[in-house]
Amino acid sequence: MIFKKSLLAAAISALVLTACGGSSSDAETPTVVETNFSFEATEMITNLTNDVIVAGYQNLNDGAADFLLATQNLVNTPTDKNLALAQQAWKDVRVPWEQGESHIFGPVDALSIDPHLDTWPLNTSDLEALLASQASFSADELKTFNDDVQGFHTMEFLLFGDGVEDNEKSIDEMTTLESEYLSAAAEVFKTYTQSLLDAWIVANDPNDANSPAYKDLLLTTNNDIYASQLGVVEELINGMIGIIDEVGNGKIAEPFGSNIDNIDTSKVESQYSWNSLADFTDNIRGVQNVYRGEFSGQADKAGIIDFVNAADADLATRVDTEIMDAIAAIEAIAGESDLPFRQAINDADARVRIQAAIDALSTLQTSFENDVLTKLQDWQQ
Amino acid sequence: MKRLFVSILVYGLCSFNNQSVAATQSELELALEKQQQQLALIEKQLATLKADSLKASENKQLNTGQDFDVKKNWQINSYGSVLYKSEDVYQNIQDTNPERRATTDLERVVLEFVYDFDPKWQVEIELEYEHGGTGSTLEYDGFEEFGEFETEVEAGGEIIVEKMQAQYIANKYFTMKMGHIFVPVGLGTDLHKPTQYVSTQRYWSEATLIPQVWHETGVNLISKWNGFTAQTLITTGLNSEFFRTYNWIATGHQRRFETVNADDLAFTLRLDYGDIKVGKGIGVSFYTGDTSGNRNNDTKVDGDGNLTIIGLHGAYSYENWLVRGQYLFGSLDDSEAITNANKTTPGLKPGNFSQLGSEAESAFVELSYNSQDLFNVSKPLYLYTIYEYANPIKKVEQGLATDRFNTQSIALGMNYYPIKNIVLKTQAAQTKHAQSNLDDSTSFSLSMGYFFSI
């Protein structure tokens, strides 16, 4: 839509310019600003597909395996140490998932992986009823349950407690049935991360072994999904816009409310583990990964920044800075007293910092929508 | 009838006159006066008779929602309703503190065309505009990726054809309906016009389990004998891809699709004694059909997904009182396999609501009273109370059946007919949730409904 609007705007400006030129005979020949640019996208798309997206899903799947192991250890040897290890493993596997939210397209959407892994809010009533009525749990059984009693947040609730007073749970507070449920949920979780990875690298249709891997659809365009590289780049930019919008206007702004009397802690994601700010930061780090073309700390590779740079070098730097500003603004919410997000929304000083983070995200979103996405129309492939 | 009566009378008077040719003037005057008195008496009796018959026909119309005095081979009927409702609503599944919201809904405007070709053949079409008439249909595109469910927004402004049937009346014992017909499971289909149900909205308990006003393509053979009516139907079945936790098999109604998959057919049997619509009848219904074959993506489920529904219903009226009730029980085979398939079918997106009840049930009982005579008002004024219960996920094959959708309600209300074609309704209701951390919630609603026939 935005793309269409810009095309229309360009067409109208061209028309106006022509009309002006025609009406006054002594006017100078209008200077047409040459905005077209060329950029060879193959290397960037290959890099983003293999080294950012697929590598991210590989990390997610490896993290899921480590987490499953940690929960199994906890079932076998229920100690505080093993509980702490499982809690850390949960936080670790959360990172590639949240970062991967900057590109929620393809199999993660088509195979409904997102709701299976990350349904929020959690249905605590049903979860507690299950724990009160069942004698044991198996992964096969758990897989048939509704999504709101499995996935990240179910496991989070079991590992960290209700998060109202603290985000710590000792092994004495965890029942055998809870750890069994946790382990079964981790097993189901692992099957979904595996399907997601397989869909990207083996066959995008789990029912058809001969279907192409989803990554090949991006790498070799001219297929049903991506007619050209333009479609791939557009998908990647829209993916980043999607998560910036979700973090700023959804994850942060919804519980934040219009004023301190209007907050809603029930909407805070990852409130049991107090991991919300890490989630939000990772979401925008995911944007940074796609924009820069590499994970933080890795050697420089081609990313969307190189595409933007070919069109407008100042813009490329400005957006990169805005991404860093947004990450910094989210991290700053915790303040000196290290407030978790669910407490920060109820703190007058922290609310000022939260508003700053929302504003930073809003600026970033505007830049992507108005300045980056519109560059697609000037791209001479 | 009046004309016939008068002509007989005039004929009688004339013959009386002929016989008294030889009578004297005074005798004649006396006889004439006597005849005039008799005439006045008869006219008075006629007037009473006419008023009685009018009242009877009006009452009948109220009960059945039909105008019977139309003597022509075509008929256009229309009915519709609009609703205002203020109720407690929950934001999401975890939310246990409801928020008060008020809504209005132009529920439906329906046009019904009936044409009698001859005494044996008739065609009936019912067109419905729901919620002001916007919508979309779904199309399954098997050539896209691994099959895609596509929303056809071009169909926006959709009109639902609820009924398109041809009826053949063989004799007074046998009638056959064919085309797009109603499936007579649940009283909601019998009592779907605003003048036929007393509550502001149609029975929610029924809608929680089965398609409300269920219509499918097929054939219905109706046999009548000594007050008994048996209906035997073969129709298109449901599609289990769209079964959901919160209303069981109701959303499996394939009306969302451009074309209806008919690989699995359903069999319905209904037996009634008396007539539910006029308030004196009792009956049972039985529905059975497979649901896996109608899936677009039909390789995902092992098993037929056989669905069985049993319904008991009855209505009894005495003087100004009317009591009606229904119990529905359903069971679904392979509910675990369907749950898993719905959860993992690409593009299907059942969200969080894929788990299905292997058993479900619902019931209602309503009592209404026409207080017209009690309060000495000139127009019908019905007072009513309704108890409703539904649990679309009573039992599951695996794990625990969530109690979130196990609810009961008690409603109290009033229907007022300013004229026989318009009904104004008001209702207050309280809903009880089986889930222990949910408090009772309340609702208040107003409704206006109309019905006419030309």
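Visitor: Which residue forms a salt bridge with Asp190(B)?
Guide: Asp190(B) pairs with Arg270(B), and the closest N and O atoms are 3.1 Å apart. Keep in mind that this is a predicted model.

Visitor: Where do those two sit in chain B?
Guide: Asp190(B) is in the loop between β7 (174–182) and α3 (204–207) of chain B, while Arg270(B) belongs to strand β10 (residues 265–275), so the bridge ties together parts that are 80 residues apart in sequence.

Visitor: Are Asp190(B) and Arg270(B) buried or exposed?
Guide: Both Asp190(B) and Arg270(B) are buried.

Visitor: Nice. What does Glu128(B) meet in a salt bridge?
Guide: The side chain of Glu128(B) meets that of Arg108(B), at 3.7 Å from N to O. Strand β3 (residues 121–130) of chain B holds Glu128(B) and strand β2 (residues 99–116) holds Arg108(B), so this pair ties together parts 20 residues apart in sequence. Both Glu128(B) and Arg108(B) are buried as well.

Visitor: How many helices and strands does chain B have?
Guide: Chain B has 4 helices and 18 strands. It runs to 454 residues, and buried residues make up 45% of them.

Visitor: And what about the accessible surface of chain B?
Guide: That comes to about 22,400 Å², with 58% belonging to carbon and sulfur atoms. As for contacts inside chain B, take those with a separation of 6 or more: residues 24 or more positions apart account for 64% of them.

Visitor: Let's switch to chain A. How many helices and strands there?
Guide: Chain A has 16 helices and 2 strands. Its C-alpha trace spans about 90 × 55 × 35 Å along its principal axes.

Visitor: How much of chain A is buried?
Guide: Of its 381 residues, 52% count as buried. Chain A exposes about 16,300 Å², and carbon and sulfur atoms supply 50% of that. Among its contacts between residues at least 6 apart in sequence, 77% join residues at least 24 apart.

Visitor: I've got Val188(A) selected. Which helix is that in?
Guide: Val188(A) lies in helix α9 (residues 176–201) of chain A.

Visitor: Why does Val188(A) count as buried?
Guide: Val188(A) counts as buried because its relative accessible area is 2%, and the cut-off for buried is under 20%.

Visitor: What is Val188(A) in contact with?
Guide: Leaving aside neighbours within four places in sequence, Val188(A) is in contact with Ala139(A), Leu142(A), Lys143(A) and Gln150(A).

Visitor: How far apart are Val188(A) and Phe105(A)?
Guide: They are 83 residues apart in sequence, and 22 Å apart in space from C-alpha to C-alpha.

Visitor: Back to charges. Which residues of chain A are linked in a network of salt bridges?
Guide: The network links Arg94(A), Glu98(A), Glu101(A), Asp118(A), Lys251(A), Glu269(A) and Asp279(A). Over all chains, a search of the whole structure finds 29 salt bridges.

Visitor: What about Glu254(A), which side chain does it meet?
Guide: Glu254(A) meets Lys267(A) in a salt bridge, at 3.4 Å from N to O. The pair links distant parts of the chain, 13 residues apart: Glu254(A) is in helix α11 (residues 229–256) and Lys267(A) in the loop between α11 and α12 (276–292) of chain A. Glu254(A) is partly exposed, with a relative accessible area of 45%, and Lys267(A) is also partly exposed, at 27%.

Visitor: Now the interface. How many residues does the contact take from chain A and chain B?
Guide: The contact takes 31 residues from chain A and 27 from chain B. About 2,500 Å² is buried between chain A and chain B, and carbon and sulfur atoms give 46% of that area.

Visitor: How many salt bridges are there between chain A and chain B?
Guide: The count is 1. In that bridge the side chains of Lys343(B) and Asp147(A) meet, at 3.7 Å from N to O. There are also 12 residue pairs in polar contact across the interface.

Visitor: Which elements of chain A give two or more residues to the side that touches chain B?
Guide: Those are α4 (107–110), α6 (124–133) and α7 (139–144) of chain A. The most comes from α6(A), which gives 6 residues.

Visitor: Last one: how do the residues on that side of chain A divide?
Guide: The side of chain A that touches chain B divides into 11 nonpolar, 13 polar and 7 charged residues.

Note on methods:
Residues are numbered from 1 along each chain as its sequence is written. Chains are lettered from A and ligands numbered from 1 in the order in which they are written. This is a predicted model: local features need pLDDT of at least 70, side-chain atom pairs count only at pLDDT 80 or more; totals for chains, interfaces and linings use all residues. Side-chain values use heavy atoms; hydrogens and water are left out. Contact means heavy atoms within 4.5 Å. Buried area is the accessible area (1.4 Å probe) that two parts lose on being put together, summed over both. A salt bridge is a side-chain nitrogen of Lys or Arg within 4 Å of a carboxyl oxygen of Asp or Glu. A polar contact is a pair of N or O atoms within 3.5 Å; within protein, one must be able to donate a hydrogen and the other to accept it, and residues adjacent in sequence count only if both atoms are side-chain atoms. Ala, Val, Leu, Ile, Met, Phe, Trp, Tyr, Cys and Pro count as nonpolar, Asp, Glu, Lys and Arg as charged, and the others, Gly among them, as polar. Buried means under 20% relative accessible area, exposed over 50%, partly exposed in between (1.4 Å probe, protein chains only). Accessible areas come from the Shrake-Rupley method with a 1.4 Å probe; for residues, only the protein chains shown count as cover.
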